[in-house]
Amino acid sequence: MSERVREGCLLLADISGYTRYLGRVELEHSHDILADLLGVVTDGLCPPLRLAKLEGDAVFCASPDAPPVDGDRLLGAIESTYHAFARRRRTVALSSSCSCEACRRTPDLDLKFCAHHGSFIEHEVAGSNELLGPDVILVHRLLKNTVAERHGLRGYALVSSACMQALGIDGLQPHTEHVEDVGEISGGLIDLEHRWQAVGESERNVVSREHADLLFEADVDSQPQAVWDAMTDPAQAMRWRVGVTDIRERNPSGSRGVGTVTHCVHGRRTIEQEIVDWLPPHHYTYRERNPIGLCEWTFSLAPLDEGARTHLEWRIALRGGRRQALAMRAAGRRVRALLQANFDALIEHLRRGPGA
């Protein structure tokens with residue numbers, strides 16, 4: 001056993017709302033989701049920090065021995081980790097392959113960070129590390145704060161003044177907490193949820209009506225979810241896609257969503273379609289390289305009559321430049337006829353119902 005006193009950054013990343021979430025969902029699947037999200041958080045923070053301990057639904061990290069962590073690296077790791085967490089949360093929640101409560105209620109979860117700087121003892125026993133000291137206790141107490149009540153924030157980082165001063169951080173929203181037996185602890189806040197929303201808006205990858213080179217649209221007597229399932233479920237797509245002999249999917253994240261690659265087999269030709277935007281049951285976008293070149297498709301669904309019917313649009317943008325434009329001059333009529341045949345086949349499939 002050995003002990004040594006160290007100075008450095010102490011950070012807790014806590015998945016908030018998990019206790020309430022557990023009371024509403026399937027226990028077995030919820031623990032799988034927690035383990036997945038904790039893995040995302042740990043991978044995002046370590047490095048530049050090092051993992052000290054997993055504490056239930058929280059990740060406890062500390063400064064590494066080397067290299068030192070400055071303010072830019074710490075704040076960059078916090079923000080990028082929150083974005084990775086939010087992306088994974090969105091993927092789980094929007095997965096069309098699982099409709100259980102644990103997946104559906106994943107948006108109830110959020111992530112908050114508390115960062116402090118001070119001294120601590122690193123206690124090593126049989127290869128297991130424990131960090132001890134008043135500053136370790138303080139950063140844990142900062143998790144029980146008034147940020148949500150006073151500022152209405154869910155996803156945020158609370159950075160103590162000691163941490164801000166030690167790492168050269170400034171420009172944060174001022175905030176003060178009263179900690180029992182310690183007194184007033186000042187610091188700063190980062191609204192991570194707001195930053196993620198801004199990133200999400202900029203990351204939307206949608207072909208608009210105005211920028212579509214080809215547009216197919218119709219009002220159908222089916223609910224949006226039924227239309228969505230007909231287009232995204234390979235088993236249903238095989239019933240209406242013209243000339244397709246097989247459909248296979250590769251899902252790197254484990255469920256259908258951004259990053260999914262669909263292999264559509266047309267006789268001897270296989271066309272790969274990579275999903276680049278996914279927001280069920282509102283829209284999704286994929287890119288493909290087909291015989292006329294690179295194309296980007298957005299499938300947009302809008303509810304009609306309080307969700308009883310759907311306005312469906314296929315918006316196709318040609319991304320192949322001048323050569324593709326020349327190819328469309330020669331084969332445009334045939335291409336449009338094939339696309340119209342597929343669109344009409346989908347409408348007929350919806351009219352008959354998925355079991356037909």
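# A tour of pockets, cavities and cores

The lining of the largest pocket sorts into 17 nonpolar, four polar and four charged residues. Keep in mind that this is a predicted model.

**Stop 1: the largest pocket.** Select His266, Ile271, Glu288, Leu338 and Leu339. Among the 25 lining residues, these are the closest to the centre of the largest pocket. The volume here is about 570 Å³. Now colour the elements around the pocket. Strand 12 (269-279), strand 13 (283-290), strand 14 (293-304), strand 15 (309-318) and helix 11 (321-352) each give at least two lining residues. Which element supplies the largest share of the lining of the largest pocket? Helix 11 does, with six residues.

**Stop 2: the largest cavity.** The whole structure holds two cavities of 30 Å³ or more. Select Met231, Thr232, Arg241, Glu249 and Thr262. Of the 15 residues lining the largest cavity, these lie nearest its centre. Two or more lining residues come from each of helix 9 (224-232), helix 10 (234-240), strand 10 (246-250), strand 12 and strand 13. Strand 12 gives the most, with three residues. By class, this lining has eight nonpolar, three polar and four charged residues.

**Stop 3: the second largest cavity.** The volume of the second largest cavity is about 30 Å³. Select Leu142, Leu158, Ser160, His175, Thr176, Glu177, Ile185, Ser186 and Gly187, which line the second largest cavity. Strand 6 (156-160), strand 7 (173-179) and strand 8 (183-191) each give two or more of these residues. The lining divides into three nonpolar, five polar and one charged.

Stop 4: In soluble globular proteins, nonpolar side chains tend to be buried together. Select Leu11, Ala13, Ile15, Leu45, Leu74, Leu111 and Phe113. In the largest nonpolar core, which has 40 residues, these have the most contacts. Helix 3 (residues 71-93) makes the largest share of this core, with seven residues. Zoom in on Ile15. Setting aside residues up to four places away in sequence, Ile15 touches Leu34, Leu37, Leu38, Asp57, Phe85, Leu109, Asp110 and Leu111. Then jump to Trp240, Ile247, Tyr284 and Phe299. They belong to a second, separate core of 32 residues.

**Stop 5: His117.** Go to strand 4 (residues 110-125) and pick out His117. Is His117 buried or exposed? His117 counts as buried because its relative accessible area is 19%, and buried means under 20%. Show what surrounds it. Leaving out neighbours within four places in sequence, His117 is in contact with Glu7, Gly8, Cys9, Ser160, Ala162, Cys163, Ala166 and Leu167. Ser160 was also on the lining of the second largest cavity.

**Stop 6: two cis peptide bonds.** Select Pro47 and Pro48. A cis peptide bond joins them, with omega about 15°. Pro48 sits in the loop between helix 2 (27-45) and strand 2 (50-55). Next, select Pro280 and Pro281. The peptide bond from Pro280 to Pro281 is cis too, with omega near -15°. Pro281 belongs to the loop between strand 12 and strand 13.

**Stop 7: Asp181.** Finish in the loop between strand 7 and strand 8, where you will find Asp181. What is phi of Asp181 near? It is near 70°, a positive value in a residue other than glycine. Asp181 counts as exposed because its relative accessible area is 71%, and exposed means over 50%.

Terms used. Residues are numbered from 1 along each chain as its sequence is written. This is a predicted model: local features need pLDDT of at least 70, side-chain atom pairs count only at pLDDT 80 or more; totals for chains, interfaces and linings use all residues. Side-chain values use heavy atoms; hydrogens and water are left out. On a 1 Å grid over the protein atoms alone, a cavity is a set of points where a 1.4 Å probe fits but cannot get out, and a pocket is an open set with protein on both sides within 12 Å along at least five of seven lines; lining residues have an atom within 4 Å of a point. Grid points are joined across faces, edges and corners, and a volume is the space filled by probe spheres set on the points. Helices (H or I, at least four residues) and strands (E, at least two) are DSSP runs, numbered from the N terminus. Ala, Val, Leu, Ile, Met, Phe, Trp, Tyr, Cys and Pro count as nonpolar, Asp, Glu, Lys and Arg as charged, and the others, Gly among them, as polar. A nonpolar core is a set of buried Ala, Val, Leu, Ile, Met, Phe, Trp, Tyr and Cys residues joined through side-chain atoms within 4.5 Å. Buried means under 20% relative accessible area, exposed over 50%, partly exposed in between (1.4 Å probe, protein chains only). Contact means heavy atoms within 4.5 Å.
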